[in-house]
Amino acid sequence: MDQAAFSFSIEPLWKHTGAAIRGIDLSKPVDDATRAALNQAFTDHPVLCIRDQKLSAPEFLEAMKVFGEIFPQHNSRFAVPECPAIHYISNQDKLEDGSVYIPGEGYHTDHSNDEVPPKATVLHAVKLPKTGGDTQFVNMYEAYDALPADTKKRIDGLKARHVYQSRYSKRKLPQLPGEKAKIATKSVIHPLVRTHPLSGRKAIYINPIRIEEIIGLSEQEALPLLDELLEHSIQLKFQYRHKWNSGDVVIWDNRCLLHKANGDYPVAEVRYLYRLMLKGERPV
Ligand code: SIN
């Protein structure tokens, strides 16, 4: 890509995963060269942080169309009232049992219980705690590449059944309201190793909250394998930990990352971010 064709700067945040972009105002329309450069940057860096934005919910919705089509949200309970296509992440909501709900606490990839899961998720920081509340990512390309050859051979070709909430999940998810409750009764089958449609790289595709079984394996075979893959993947060397700055827009690639939130700050300090997802492809 010819650097002169677009005006933003890009610098790596970490050796294998994040990059930060400066010098672009997403509240304004972007031209074709900038759109292409942003999308190329997102293929090259599965976590992209666009600094110094101040977007209302409708502006955020409009701006993110630069990366693709909006994925319809599953749980309308978290819709932002003035712009329901945008949801929020907040530490101020409670679960049905009255406990504080920190959305996304525990490694996962978004909506893998969908036939065609979202390729990306985007957050825009509106209000942050003084410290803490980082988002952690693990790079599942790097994790796959580092697997022993015999493990690669074992898992290439395996498929897993994903549901809204796996009976093995250690994390509780909120109930889905009304019509959407049907989603919780469905299951889909996805490969355990998927190939990214743009980079062509292979990534381990697991989800501790959603995988209900590995097709063709007994529970006694599947659970240790899933544990082994998770333990391998979340090693520090495959992680990037994003420390939020006010105004950050962070887009990440669900096809080659796991991510998790951290509720490691006083509950009285509000953490509030706008959130949306972008439509993806059927994993192959
Ligand atoms: C999420 O899992 O989508 C939330 C991540 C975060 O709040 O850091």
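A polar contact, as used in these legends, is a pair of N or O atoms within 3.5 Å. The structure shown is a predicted model.

View 1. Let us start with Arg-275: one of its polar side-chain atoms lies 3.2 Å from an oxygen atom of the ligand. Arg-271 also reaches a ligand oxygen, with a polar side-chain atom at 2.8 Å. For Thr-135, the distance from a polar side-chain atom to an oxygen atom of the ligand is 2.5 Å. On its own the ligand would expose 260 Å², and the protein buries 98% of that.

View 2. The space that the ligand takes up is the largest cavity.

**View 3. Eight strands build an open sheet.** Follow the strands across in the order E1-E2-E3-E14-E6-E16-E5-E4, and you will find that their pairing is mixed. Strand E1 (9-12) and strand E4 (79-80) are at the edges with a single partner strand each, so one side of each has no neighbour in the sheet. In general, strands of a sheet pair through backbone hydrogen bonds, either parallel or antiparallel.

**View 4. Strands E5 and E16 pair up.** Moving in on the sheet, we see strand E5 (residues 83-90) beside strand E16 (residues 272-278), paired in the antiparallel sense over four bridges. Look for Tyr-88, which stands opposite Tyr-274 in E16.

Terms used:
Residues numbered from 1 in each chain as written. Predicted model: local features only at pLDDT ≥ 70, side-chain atom pairs only at ≥ 80, totals over all residues. Heavy atoms only, no water. Polar contact = N/O pair within 3.5 Å; in protein donor to acceptor, adjacent residues only side chain to side chain. Areas by Shrake-Rupley, 256 points an atom, 1.4 Å probe, with all protein chains shown as cover. 1 Å grid on protein atoms, 1.4 Å probe; cavity = no way out; pocket = protein on both sides within 12 Å on 5 of 7 lines; lining within 4 Å. Sits in = over half its atoms within 2 Å of the grid points. Pairing = 2+ DSSP bridges. Helix = DSSP H or I, 4+ residues; strand = E, 2+ residues; numbered from the N terminus.
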